[in-house]
Amino acid sequence: MILNKAISNIIQESSVDLSFGPFLQYLKDCANRDSTLKKVIKSSIEKVNKYFPDGEYTISYEEIPQYEDLYSLVYQLMNATLVDENSFSWGISVPFSYDFIFGTSAISKQLKSIQSSKKVKIIHWQENKVLTEKEILETLAYNFIIRRIYDIHFSDEIELVICVNENNSSDQYLRFDINDNFVEVEGEFPDITNMNIEVISKPSVLEFLKKNVPLEKLIFKGFSLIHIENITYQITKEKLRKLFVAQDIENDFLLQATEAMKIMIGSGDIDLLFLPILQIDGKLNTDIWKDFDIVLSRLLTKFGASFSDFSTFIERYIKNPDVRHGKSDKETWYSFENTSISGLFVLPFFHQEKIIGISIILYENAGFQTDLVISSFKEFTFPLQNLFISIINKYLGELNQTIKNHFTAIQPAVEWKFHDAGVRYLKNQKDGGKIDPIPIHFDGIHPIYGAIDFRNSTIERNKALTEDYTTQLNALIQTLNALKQIRNVDLLGELIYQSEVFLKRIQNNNLSINDDAEISYFLTVESLELILQMGLNDETVQNVTAPYLKELSEDGAFHKQSAALEETFLILNTHIISILDKMNEELQDSYPYYFDRYRTDGVEFNIYIGQSIAPDKPFNEVYLRNVRLRQLISMVNTAIITESCQNFLPKKIQTTQLIFVQPNTITISFRNDEKRFDVEGAYNVRYEIIKKRIDKALIKNTSERLTQPRKIAIVYYNKKDIEDYLKHIEYLQKNKILEPSIEDVDLEDMQGVSGLKAIRVTIQNTIVK
């Protein structure tokens, strides 16, 4: 049938003629050869000549419909007689274009589908490039010239694919197989041997022709035969394989995989979910699903299911994992109410006889072909196994790294030493020798100490506790008086007296440790036992005491101030730890070192760096200076951030920043009894003593504490020990991060510690990136 009378402007503007000349010549060549169809061929030649008595075989675009019988003749000669035209997409087009002039009903339907689609792209598949109509003509024409004129045949024949998206559904891919045997070209063509290139390749030849052979100076005559094949399945299969192999579960991986699998299965009425399965200590780990949250949450919301019910279902399933399908009343995590879902399909994936992942499909079609699904998934068993294994190994690696960095002494920087000790231990055990623990120590270590402390934390704790005790004692007196009105119990009067004594003691003196213990026992044992005992089986007493008992809970009024203070400490510590962990993560890239961080009232940290920790990487003082600079910057950032969030804290608590500079290197060793690193030797222990004392240090001949808010205090023995810090301070002052002045002070002697000096610098309100 005639398909198109309107030829594109690109074709009309180029020297491309629709002509039966080349086809007629092809028939004559066939007639000259021995053939069982010689009579048919001669008859066809006569039929063509009848249409062109003047010997001119060119057809103007306006005359296209007049030659329908000739187009049918081409179809009959080039294709099998019994081909079903309703499924066979075949057509005749103007050379080097998709302007069809004749074709089967199947190709007619496809063209209408393409023309009605909102999104249509023509893709040069090998180059993964979307082409314009002009680029299509150039690509096809120059590739034709390479083959026809220069008789060069490259192994990668050009493949053009049309990507069609109808009504925002899944993409459909159509491959156009182009037969240009009935096209000829006239013009002047340069000698390709004159090309100034070492190797003749398709890109080089194409570039040469585009520069030296303009298409406008050529005349193309004839027509192309085109066969369209739907290759959506093949392309989707390859895309899905690449998705699984790439193992990149970000960038909408699940959404892409789901859409691809829908095409593979041939059903859009499904919801698909891939999930890795990891059990740790016999329990299902759901944290590994964090990268699948978007799709999982969407599925749970759609079917009115809770995460708890879903994870319980998975826990039950992995105890007996098998291919499961159909609708089961026992599996209650999903709801079929108000949905068209017909059932559930679950397919497990194994590695070394251990389940590592599952695929879940919820489907609408009651005639869902599970055999087809299993067959489709079998093609991807290996890449899916690799995907699940990769996700599991990545998670376990992160978990292992977290444990090493935050919960054990075996950090990556010192892990090699433990490996070495372990190998020696096993060797001694095998050889029957002594199997005492192998000592692990590092010599010549530069210790870098810092502390971020909460200003007056002890005073603030006592203040909060005093306020809470005052609130509770007043409430207790009020409750006991109310009980005394309804029950004549002499002990009530004594408890009221004792409560008033405690109130006066709190108001007149700071709360001591003994006071704290005595009041706490009175409130949690003595008075509470009487109140609870009186309330047994007595509803009247219970009504009186209920308000008091309600406030005893952790979030009650009797713990309000202490809870607010602890919440403040928690918030500040979270910010501080985040800054220090970021510092540690970034510094480890420059030179390996051991990092020790622990919480007190605030956060203290040690960095131990030196050649013995990384013997295979030469140590240089540059690394030490770099760590000290970053230590200073982190101190600045903690001060600024903790101060900036004061208005959002339950309690206003300021921080102080302290650094101690050890003049000499030390030795650290691993203590097997406590499973942690510690300093070794009498001289090194002095370093630990100084760290514990200097946070309370006073400036000599004053009552002023060295550590102050918005200041960084650096404690040292000799001026030469802080030369690096002074250079770093100058750099930060120049960048207006620290105030211009530096305070030099001597410190009061402390127990076992004397002769210490310090400098202090004030922080400006600038966070260092």
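**Reading a predicted model together**

The protein exposes about 40700 Å², and carbon and sulfur atoms supply 48% of that area.

Q: What share of the contacts between residues at least 6 apart in sequence join residues at least 24 apart?
A: Here that share is 69% in the protein.

Q: How many disulfides does the structure hold?
A: A disulfide is a covalent bond between the sulfur atoms of two cysteines. This structure holds zero of them.

Q: Is Cys30 buried or exposed? And Cys645?
A: A residue counts as buried when its relative accessible area is under 20%. Cys30 has 10%, so Cys30 is buried. Cys645 has 11%, so Cys645 is buried too.

Q: What is the order of the strands in the open sheet of seven strands?
A: Read across the sheet, the order is 4-3-11-8-7-5-6, with antiparallel pairing. Strand 4 (100–103) and strand 6 (129–130) are the edges, each pairing on one side only.

Q: How many bridges join strand 3 to strand 11?
A: Four bridges link strand 3 (residues 90–93) with strand 11 (residues 224–230), and the two run antiparallel. To find a spot to look at, go to Ser93, which stands opposite Ser224 in strand 11.

Q: Which strands does helix 4 touch?
A: Helix 4 (residues 68–78) packs on the sheet, touching strand 3, strand 4 and strand 11. Its direction makes about 60° with that of strand 4. Helix 5 (residues 105–116) also packs on the sheet, and its direction makes about 140° with that of strand 4.

Methods: Residues are numbered from 1 along each chain as its sequence is written. This is a predicted model: local features need pLDDT of at least 70, side-chain atom pairs count only at pLDDT 80 or more; totals for chains, interfaces and linings use all residues. Side-chain values use heavy atoms; hydrogens and water are left out. A disulfide is a pair of cysteine sulfur atoms within 2.5 Å. Buried means under 20% relative accessible area, exposed over 50%, partly exposed in between (1.4 Å probe, protein chains only). Contact means heavy atoms within 4.5 Å. Accessible areas come from the Shrake-Rupley method with a 1.4 Å probe; for residues, only the protein chains shown count as cover. Two strands pair if DSSP finds at least two bridges between them. Axes are lines fitted to C-alpha atoms, for helices over the stretch in contact, and angles run from 0 to 180 degrees between N-to-C directions.
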